[in-house]
Amino acid sequence: MAIELNAEIRNVAGKGAARAIRKNKNIPAVIYGEKKEPVAIEIAGRDFDALVQTPSLRTKLFHIATKAGKEDAMLMDIQYHPVTDRVIHADFKRIDVKKPVCVSVPVEVVNADISKGLKLGGVLNFAVRKVLVVALVDKLPEKITIDLTDLTIGDSVHGSDLVLPEGVSLGLHQAELAFATIGGKMPEEADAKPAPAAAAAPADKK
């Protein structure tokens with residue numbers, strides 16, 4: 001379901017105009033892309049501050065309504081004030097809802113408490129926590145999960161092993177990435193004692 005967002009078109013750009021917008025507790029933003037001219041907009045700060053709490057906001061379709069009409073867009077970037085951490089600018093990119101988009105989504109691990117490898121004393125190395133996926137915007141998942149249940153020590157999950165929803169594919173260069181690995185030694189290896197060194201052969205007497 002798309003997120004409805006109302007906005008005013010900004011006729012004046014520049015740092016001074018942006019400061020005036022923020023002083024009124026609103027947020028300057030821009031919509032760009034699809035071979036059209038960028039449009040500077042102003043959105044209500046209270047509305048957007050509430051939206052920022054939405055999980056996986058960057059996988060959502062926005063319907064941005066202005067006096068010029070509606071724009072289909074996705075949120076591409078949010079800039080925060082370095083001290084107050086308040087939103088000070090947002091970038092939206094126009095999209096064609098009939099064409100696939102490439103988006104980074106979070107990767108999560110599940111069932112760590114019953115994982116075979118972790119129960120054996122293995123250590124989880126969760127190295128890559130985001131993956132690029134390609135899909136129509138209404139098919140984009142909020143996240144991809146890795147089930148650790150049957151993974152044992154020495155197992156790795158690469159991009160090609162990820163379970164993707166129907167209609168979703170991996171982005172470029174994602175298949176070979178190692179997202180999670182269970183490292184360590186199997187108990188029998190850890191308990192094995194090194195074999196005693198062979199006694200040195202006595203030197204020949206002359």
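The following legends describe views of one predicted model.

Residues are numbered from 1 along each chain as its sequence is written. In this predicted model, local features need pLDDT of at least 70 and side-chain atom pairs count only at pLDDT 80 or more, whereas totals for chains, interfaces and linings use all residues, and side-chain values use heavy atoms, with hydrogens and water left out.

**View 1. Overall dimensions and secondary structure of the chain.** The chain contains four helices and 13 strands; these are DSSP runs (helices H or I, at least four residues; strands E, at least two), numbered from the N terminus. The C-alpha trace spans about 105 × 40 × 35 Å along its principal axes.

**View 2. Surface and charge of the chain.** The accessible surface comes to about 13,400 Å², of which 53% belongs to carbon and sulfur atoms; areas come from the Shrake-Rupley method with a 1.4 Å probe, and for residues only the protein chains shown count as cover. Of the 206 residues, 33% count as buried, that is, under 20% relative accessible area, where exposed means over 50% and partly exposed lies in between (1.4 Å probe, protein chains only). There are 28 positive and 27 negative side chains, and the centres of the two sets lie 7 Å apart. Lys and Arg count as positive and Asp and Glu as negative, without His and the chain ends; each charge is placed at NZ of Lys, CZ of Arg, CG of Asp or CD of Glu.

**View 3. Strand E1 and its partners E4 and E3.** Strand E1 (residues 3-9) runs parallel to strand E4 (residues 62-66), to which four bridges join it. Within this pairing, Asn6 has Ala65 as its bridge partner. Strand E3 (residues 36-44) is antiparallel to E1, with three bridges between them, and Ile43 of E3 stands opposite Ala7. Two strands pair if DSSP finds at least two bridges between them.

**View 4. Lys25 in the loop between H1 and E2.** Lys25 lies between helix H1 (15-23) and strand E2 (26-33). Although Lys25 is not a glycine, its phi is positive, about 65°. Most residues other than glycine have a negative phi. Lys25 is exposed, with a relative accessible area of 64%.

**View 5. Asp85 in the loop between E5 and E6.** The loop that holds Asp85 lies between strand E5 (69-80) and strand E6 (87-94). Asp85, a residue other than glycine, has a positive phi near 65°. Its relative accessible area of 54% makes Asp85 exposed.
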